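Here is a short report on one protein chain.

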Amino acid sequence: ASQHRLWPEIENVVKSQVNMAKMGIGECGAGWQLFAEDGEMKMYRREEEVDGMVCDPLKAVHVVKGISGHEVCHYFFNPQYRYDWESTLEHMTVLETISEDTLVFLQTHKRIWPASQREGLFWSHIRKLPNEKDRDGPDIWTVVNNSTEYSEHPANNGKCVRIFLTVCLLCQTTVDPPKDGTTLTRDNLSCKITYCSVVNPGGWAPASVLRAVYKREYPKFLKRFTAYVKNQTKNKPIMF
Ligand SMILES: O=S(=O)(CCO)c1ccc(-c2ccc(C3CCCC3)c([C@H]3C[C@H]3c3ccccn3)c2)cc1
């Protein structure tokens, strides 16, 4: 994959997205507002407009017990599970398999009235990162999705408006070993999930509509996805 035309961009975007995701909300600059909270899940957004279009950066932090960062990224990255948890997905295809850890997706989302239907074309890369804080601790796992151009699929030539997104899912696993030295179980496992996204809706849609869509959809999306991973892994050996 290292000789693929997209490789330099993938390297740069992954490094910068991981660094941003690692920063606490306080270090990410001013203007973040908490807009949704549900137990361990906290969702922040900053109100930003580009050419009059809502492009609010979003940062969600969630702690989920009983799953590992590798498992969260595995079920987020692999196409075969996506229809199970991505409720707004209408159609998804893998346009290119650049390598086993890098795919190019074309996906259409269900139309959300009154906005017109959207599609996204993006590369997706999964990567294990060393745990800098604790050398012999569990690795950090990440998936980065970033919009890209594809000559065979020019933007906005069909019915769908092409969105432009950058998404980073960063997962840090914590193992709290059992006191009595017995074997590790999922009860000794938890995962801190940071989900960052910036979405340019690609074409104009009323700010009030978009912000209502995000306020409704993002908390639902993260809760549904993490519940899916817990359910898929509960009777399986832990993937570290
Ligand atoms: O994390 S991912 O990479 C996972 C791969 O699928 C991701 C997440 C979300 C989106 C996305 C981008 C824009 C919209 C809006 C823009 C104007 C009208 C539709 C929506 C609509 C479908 C709603 C939505 C919002 C938030 C979360 C899930 N669903 C979704 C795309 C990819």
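A residue counts as buried when its relative accessible area is under 20%. By that cut-off, buried residues make up 53% of the 240 residues in the chain. The model is predicted.

**The chain as a whole**

Four helices and eleven strands build the chain. Its radius of gyration is 18 Å, close to the 18 Å that the globule rule gives for 240 residues, so the chain is as compact as a globular protein of that length. The C-alpha trace spans about 60 × 40 × 30 Å along its principal axes.

Contacts reach across the sequence. Of those with a separation of 6 or more, 61% join residues 24 or more positions apart. The accessible surface comes to about 12000 Å². Carbon and sulfur atoms hold 54% of that surface.

**The largest pocket**

How much space lies in the largest pocket? About 240 Å³. Its lining includes Ala 21 and Lys 22, then Asn 131, Glu 132 and Lys 133. Ile 140 also lines it, as do Leu 170, Cys 171 and Gln 172. Lys 192 and Thr 194 complete the list. The elements that give two or more residues to this lining are α1 (7-22), β10 (161-175) and β11 (189-200). Which of them gives the most? It is β10, with three residues. By type, the lining of the largest pocket divides into four nonpolar, three polar and four charged residues.

**The second largest pocket**

The second largest pocket has a volume of about 200 Å³. It is lined by 13 residues. The closest to its centre are Met 20, Trp 32, Pro 57, Cys 196 and Val 198. Here the elements that give two or more residues are α1, β5 (58-65) and β11. The largest share, three residues, comes from β11. This lining divides into eight nonpolar, three polar and two charged residues.

| Pocket | Volume | Nonpolar residues | Polar residues | Charged residues |
|---|---|---|---|---|
| Largest pocket | about 240 Å³ | four nonpolar | three polar | four charged |
| Second largest pocket | about 200 Å³ | eight nonpolar | three polar | two charged |

Two elements return in both places. For the largest pocket, α1 and β11 are among the elements that give two or more residues. For the second largest pocket, α1 and β11 are again among them.

Terms used:
Residues numbered from 1 in each chain as written. Predicted model: local features only at pLDDT ≥ 70, side-chain atom pairs only at ≥ 80, totals over all residues. Heavy atoms only, no water. 1 Å grid on protein atoms, 1.4 Å probe; cavity = no way out; pocket = protein on both sides within 12 Å on 5 of 7 lines; lining within 4 Å. Points joined across faces, edges and corners; volume = space filled by probe spheres on them. Nonpolar A, V, L, I, M, F, W, Y, C, P; charged D, E, K, R; others polar. Rg over C-alpha atoms; globule rule 2.2 N^0.38 Å. Buried < 20%, exposed > 50% of the residue type's maximum accessible area, 1.4 Å probe, protein only. Contact = heavy atoms within 4.5 Å. Areas by Shrake-Rupley, 256 points an atom, 1.4 Å probe, with all protein chains shown as cover.
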